[in-house]
Amino acid sequence: SIERNVDAPEDLLPRAPIVTVMGHVDHGKTSLLDNIRKENVIAGESGGITQHIGAYAVELDGGQKLAFLDTPGHEAFTAMRARGAQVTDIAIIVVAADDDIMPQTKEAISHAQAAGVPIVFAINKIDKPTANPERIKERLAQMNLLVEDWGGKIQSHDISAKTGVGVKELLEKVLLEAELLELKANPNRQADGTIVEAFLDKGRGYVSTVLVQGGTLKVGDYILAGQHSGKVKAMQDERGKNVQEAGPSTPVSVLGLDGAPQAGDKFNVFEDEREAKSIATKRTQLQREQSVRTQRH
Ligand code: GDP
């Protein structure tokens, strides 16, 4: 079976939380992700995150790390969930303080709740004169979502994704929430995880961003993801830097697969290249047979 990585409790070590940003259109998801990407430069590194690889990791001043799925909106979240992938530990739901709880805000809340993922609200655009964050919190309370200021347990923070006000504090609240989850993984085994995005690059061939969830992925490993397989020729982080290894909660783009798997496909490492290839081929055949059957009906 592919689902063969079961870890003993004593092998588990703390890992960084994986965060998704959701919310209504124009409420500031992209701006928030941009702000976090720009402001949080790993200590000692010059230059910010240069590449869009579908996910990025940041380190706060205190040394704590967080991984972000760099695809705003709940489409990616639901597409991944539809493929059986559970890659989000915490959802930041952005609500514009000059607007209201909108249909996509409600959808995002339902998606997070259905997935059992804790929510941290980012009440955004507080730099605007028309912003009224308390009204948003009141509206949330009316929906039985009591934030801390209103005597509840749900974390929220007032921010401006534009000026950066409150973003650090928001991330600290995300980390607090993450601590409660006691997130752990075993870094000392062959890697597994999920495909975040994949595309064909003119110069480099197929590039797949993977999020390592367990184990450590290494250059030279044979991997299988969906209907594709291959040897990891090279890996790059979100700064375009070559890396040899990627541990749990690390997003990394991988070169060497023989095609582009779909977002949400799981990946596994195989000892034997032929085994990986033969499973990939079988999956492709199955897929073909299924589509022939669907066409007949
Ligand atoms: P998304 O659709 O949720 O990804 O929203 P965007 O990040 O694209 O933001 C929508 C619009 O709101 C853009 O014009 C942003 O510049 C603006 N915006 C986002 N955050 C803020 C903020 O904190 N303050 C102000 N004044 N404008 C913001």
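**Entry 1: Lys128 and Asp98**

I looked up Lys128 and found this residue partly exposed, at 36% relative accessibility. I note that I am working from a predicted model. Lys128 makes a salt bridge with Asp98; their closest N and O atoms are 2.9 Å apart. I then placed both partners. Lys128 sits in the loop between strand S6 (119-124) and helix H4 (133-142), and Asp98 in the loop between strand S5 (90-96) and helix H3 (103-115), so the bridge ties together parts 30 residues apart in sequence. Asp98 is partly exposed too, with a relative accessible area of 28%.

**Entry 2: Arg189 and Asp7**

I asked how many salt bridges there are. The count comes to 14. I picked out the one between the side chains of Arg189 and Asp7, at 2.8 Å, N to O. Arg189 is in the loop between strand S8 (184-185) and strand S9 (192-201), while Asp7 is in the segment before strand S1 (13-14), so this pair ties together parts 182 residues apart in sequence.

Is Arg189 buried or exposed? I read a relative accessible area of 18%, so Arg189 is buried, the cut-off being under 20%. Asp7 has 25% and is partly exposed.

**Entry 3: Lys168 and Asp61**

Next I checked Lys168. Lys168 forms a salt bridge with Asp61, and the closest N and O atoms are 3.8 Å apart. This pair also links distant parts of the chain: Lys168 belongs to helix H5 (residues 167-181), Asp61 to the loop between strand S3 (55-59) and strand S4 (65-69), 107 residues apart. I noted the accessibility of each partner. Lys168 is partly exposed, at 41% relative accessible area. Asp61 is exposed, at 73%.

I went through helix H2 (residues 74-82) and found His74, Phe77 and Met80 buried. Why do they lie on the same side of H2? Because they cover an arc of only 125° around the axis. On the other side of H2, I found Glu75 and Ala82 exposed.

**Entry 4: a negative patch**

Last, I looked at surface charge. Glu271, Asp272, Glu273 and Glu275 form a negative surface patch. I followed up one of them, Glu275. Glu275 is in helix H6 (residues 273-296). At 39% relative accessibility, Glu275 counts as partly exposed.

Note on methods
Residues are numbered from 1 along each chain as its sequence is written. This is a predicted model: local features need pLDDT of at least 70, side-chain atom pairs count only at pLDDT 80 or more; totals for chains, interfaces and linings use all residues. Side-chain values use heavy atoms; hydrogens and water are left out. Patches are made of residues with over 30% relative accessible area and no salt bridge: like charges are joined within 9 Å, nonpolar side chains (Val, Leu, Ile, Met, Phe, Trp, Tyr) within 5 Å. Accessible areas come from the Shrake-Rupley method with a 1.4 Å probe; for residues, only the protein chains shown count as cover. A salt bridge is a side-chain nitrogen of Lys or Arg within 4 Å of a carboxyl oxygen of Asp or Glu. Lys and Arg count as positive and Asp and Glu as negative; His and the chain ends are not counted. The place of a charge is taken as NZ of Lys, CZ of Arg, CG of Asp or CD of Glu. Helices (H or I, at least four residues) and strands (E, at least two) are DSSP runs, numbered from the N terminus. Buried means under 20% relative accessible area, exposed over 50%, partly exposed in between (1.4 Å probe, protein chains only). The arc is that of the directions from the helix axis to the C-beta atoms.
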